[in-house]
Structure formats: C-alpha cells, structure tokens
Amino acid sequence: MSTPLRVGIAGFGVVGKRRRQFIDLRSDMKTVAVCDRTFESEGAFADGVRHYRTPEALLAAESLDVLFVCLTNEVAADVTIAGLEKGLHVFCEKPPGRDVSDIERVIEAEARHPDLKLKYGFNHRYHDSVRDALAIVASGEMGDVLNMRGVYGKSQFISFGAHSDWRTQRAVAGGGILLDQGIHMVDLMRLFGGEFREVTSIVSNDFWGHDIEDNAYALMRSETGCVAMLHSTATQWRHRFNLEITCRKGALILSGILSGSKSYGAETLTLVWAGEDDQGDPKEQTTRYNRDPSWADEIAEFADAVLQGGAIAAGSSADALATMQLVYRIYCADPQWKARWNLECPS
C-alpha cells in the first residue's frame with residue numbers, strides 16, 4: 001500500500017464531497033481521484049485530483065489503495081464488489097444496496113478477499129450521544145433494556161442538486177424512507193436491543209404516492225424479550241429524531257441529531273433514574289452535544305483497520321446484512337406491501 005493511502009471516491013455528490021473533506025484532513029490518506037455522472041468529461045481539479053464520469057473509468061485508470069462508494073443504491077453493491085475484486089479496501093455508504101441479495105453478493109466477494117477491509121457507513125453510531133448511551137447501557141447501571149420507542153422522520157424525500165430524485169424511484173432506490181433514513185434507527189435498535197425476529201408492521205405510500213414507502217410503522221420483539229416500536233416517516237413536518245430506551249432502573253432518551261441540514265434540533269441525551277417511591281416525576285439529567293465527530297471518527301476507525309490490520313468494530317458486512325434483513329422483515333410483515341412488490345422475506 002501507498003503512504004499515504006491513495007483514495008478514490010465513487011460518487012461525488014453531497015456525501016462524497018463530505019467524505020473527501022475528512023479524508024484529506026488525515027496525514028495517512030489522500031484523495032487522488034473521484035467520479036460522478038454529473039461530470040461532462042474526464043479531467044482534473046485545480047488541486048490535481050482527477051475526475052471521471054464512471055466508476056469503471058476510475059478503477060481502470062487509477063492505482064488506488066482504498067475506494068469510497070457514495071453511489072445510488074442500484075449500483076452500490078456492484079461497485080463495492082468491483083473494488084474488492086481489484087484488491088482495494090472499500091468503505092461503502094448505507095444502505096449496502098437495494099435489497100438483502102445485494103449485500104449477500106458483496107459478502108461472497110468479501111470472502112474471496114479475506115485480507116481486505118470492508119466497512120459500511122452507519123455514522124449515527126459515532127455520534128457522542130449514542131456512544132455515551134451505549135456505554136451506560138453496557139455498564140448495567142440502568143439494568144436490562146425493556147423496551148424502545150423510536151421516531152425518525154422528515155417532511156419529504158429531500159433531493160440534493162441535479163439528478164437526485166432517485167430516492168423516489170423503486171428501481172433505483174429499492175425502498176423509501178425506511179431504507180434511506182429509517183435504516184439508521186433500525187441499526188440503533190439492533191445495537192441497543194439485540195436481534196429482532198418477531199415483527200409486525202404497516203407500510204404505506206398513501207401521501208406522496210411514489211412507488212416506495214413514505215411511512216413504515218413496526219412493532220418488534222427481540223430474542224431477549226425487548227419490545228421496540230418504530231416509526232420511519234416522510235410526513236414529519238417538523239423533522240424529528242427521538243429514541244427512548246426504557247430499562248429496569250431508569251431510561252435514556254436520545255433526542256435530536258447533529259446533521260448537515262441542522263433541522264433535527266439540539267442533540268441531547270437525557271438520563272432518567274427511577275426512584276424507589278416512583279410518582280412518575282423522577283430525577284433527570286440532560287446533556288447537550290455541540291459537535292459532530294461522527295464523520296471523522298468513522299473514517300479514522302476504517303483507516304486504522306486498513307493500516308493496522310484490526311477488525312471493523314462497527315459497520316461490518318455482518319452488521320449491514322443483519323440491519324438490511326430487519327428492514328426487509330418490516331417490509332414483509334405487512335402482507336399487502338409484500339404482495340404488492342413481490343418481496344422476498346429474509347429467513
């Protein structure tokens with residue numbers, strides 16, 4: 001491998017540019033080339049970084065160590081596989097593809113290249129509020145997790161610039177608000193509550209009328225008996241992120257998330273301690289977080305794994321597979337939605 005690592009970015013939209021910003025802050029990584037369908041031709045930026053129109057052209061022309069995949073869902077898995085087959089370490093944004101079969105194909109390719117690192121971008125895990133909450137739950141001071149209630153919503157399928165209405169097209173995206181944004185909440189619920197096998201749901205596209213869902217409601221029970229209620233929505237006029245985790249000795253409330261849009265409110269973690277003589281008004285403590293380390297820290301973990309040979313601690317292909325399987329269990333638990341789109345339910 002080169003020093004610093006030579007990085008290519010496939011997909012240079014909002015997320016790709018954000019990834020480059022934090023890649024180039026590091027001394028051990030350097031962006032050398034990018035690709036995006038919006039470029040009119042091949043060439044180079046003023047700083048010398050070369051640009052191409054397609055991932056195929058990027059991979060054919062460049063000698064890389066690492067590939068970041070920031071593409072639309074219908075091609076993300078294929079380009080991830082192409083990167084692995086070319087001998088590159090790969091970081092791919094969520095979701096890993098349009099459906100479970102996409103991530104399963106990637107895992108087959110990953111198995112053929114055991115020396116390469118593959119990581120998926122579930123950056124909510126790297127927010128300080130989430131990490132603090134996870135540490136408290138893991139410590140046992142609040143007792144076992146009994147139940148969770150989560151809402152993650154925005155007011156529409158937001159597009160960013162030209163050629164970005166793909167999120168409303170089933171053939172490209174594979175799913176709607178649950179797969180695009182709610183997948184973060186699904187991932188966090190797995191993180192705090194374990195694996196959920198028992199799922200009931202209602203999935204609909206009654207408001208926006210696209211061929212993907214604008215609302216998904218799920219009631220789930222984990223293998224340990226934790227019950228979770230999830231609402232993923234594109235009709236939340238006041239953008240909202242809220243996850244309540246109720247434990248035997250108290251509760252944790254994650255509210256707001258620091259994001260590029262700044263529309264989800266302050267990021268806070270509220271701790272609630274259940275009293276012995278509980279009258280429903282217990283002691284609470286709220287911490288507000290004013291910085292978002294998630295982008296830098298997620299890339300740092302990936303770089304360390306590549307350079308030091310360690311395991312992917314969060315966002316492994318196994319994580320991505322389990323989260324995608326749960327997303328599709330939610331889809332398939334609504335018999336009308338499953339039949340309407342002829343969906344295959346994970347085993």
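Me: What do β12 and β13 form, and how many residues stand between them?
Reply: They form a hairpin, with two residues between the strands. The model is predicted, so local features need pLDDT of at least 70 and side-chain atom pairs count only at pLDDT 80 or more, whereas totals for chains, interfaces and linings use all residues. Residues are numbered from 1 along each chain as its sequence is written, and side-chain values use heavy atoms, leaving out hydrogens and water.

Me: How do you know that β12 and β13 pair?
Reply: Two strands (E runs in DSSP of at least two residues, numbered from the N terminus) pair if DSSP finds at least two bridges between them. β12 and β13 have six bridges, in the antiparallel sense, and therefore count as paired; one of the bridges joins Cys247 to Gly250 in β13. On the same test, β8 (145-153) and β12 (residues 240-247) pair as well, because eight bridges join them, again antiparallel. Between these two strands, Gly150 stands opposite Leu243, and Gly153 opposite Arg240.

Me: Which strands stand at the edges of the sheet, and why?
Reply: The sheet is open, with eight strands in the order β9-β10-β11-β8-β12-β13-β14-β15 and mixed pairing. β9 (196-204) and β15 stand at the edges because each has a single partner strand, so that one side of each is left without a neighbour in the sheet. The twist from one strand to the next averages 10° (an angle between axes fitted to C-alpha atoms, taken from 0 to 180 degrees between N-to-C directions).

Me: What makes the span of α5 close to the expected one?
Reply: Helix α5 (residues 128-139; a helix is a DSSP run of H or I with at least four residues) has twelve residues and reaches 16 Å from its first C-alpha to its last. The expected span is 1.5 Å times one less than the number of residues, here 16 Å, and the two values are therefore close. Gly140, with a positive phi near 85°, follows the helix.

Me: Which residues of α5 are called buried, and what do they pack against?
Reply: Buried means under 20% relative accessible area (1.4 Å probe, protein chains only), with exposed over 50% and partly exposed in between. In α5 the buried residues are Asp128, Ser129, Val130, Ala133, Ile136 and Val137. They pack against β8, α7 (177-193), β13 (250-255), β14 (267-273) and β15 (283-289).

Me: What makes up the largest nonpolar core, and which residues have the most contacts inside it?
Reply: A nonpolar core is a set of buried Ala, Val, Leu, Ile, Met, Phe, Trp, Tyr and Cys residues joined through side-chain atoms within 4.5 Å. The largest has 75 residues, and Met148 and Leu252 have the most contacts inside it. Helix α9 (residues 317-333) gives the most to this core, with nine residues. A second, separate core of 21 residues includes Val7, Phe12, Val66 and Ala305.

Conventions. Contact = heavy atoms within 4.5 Å.
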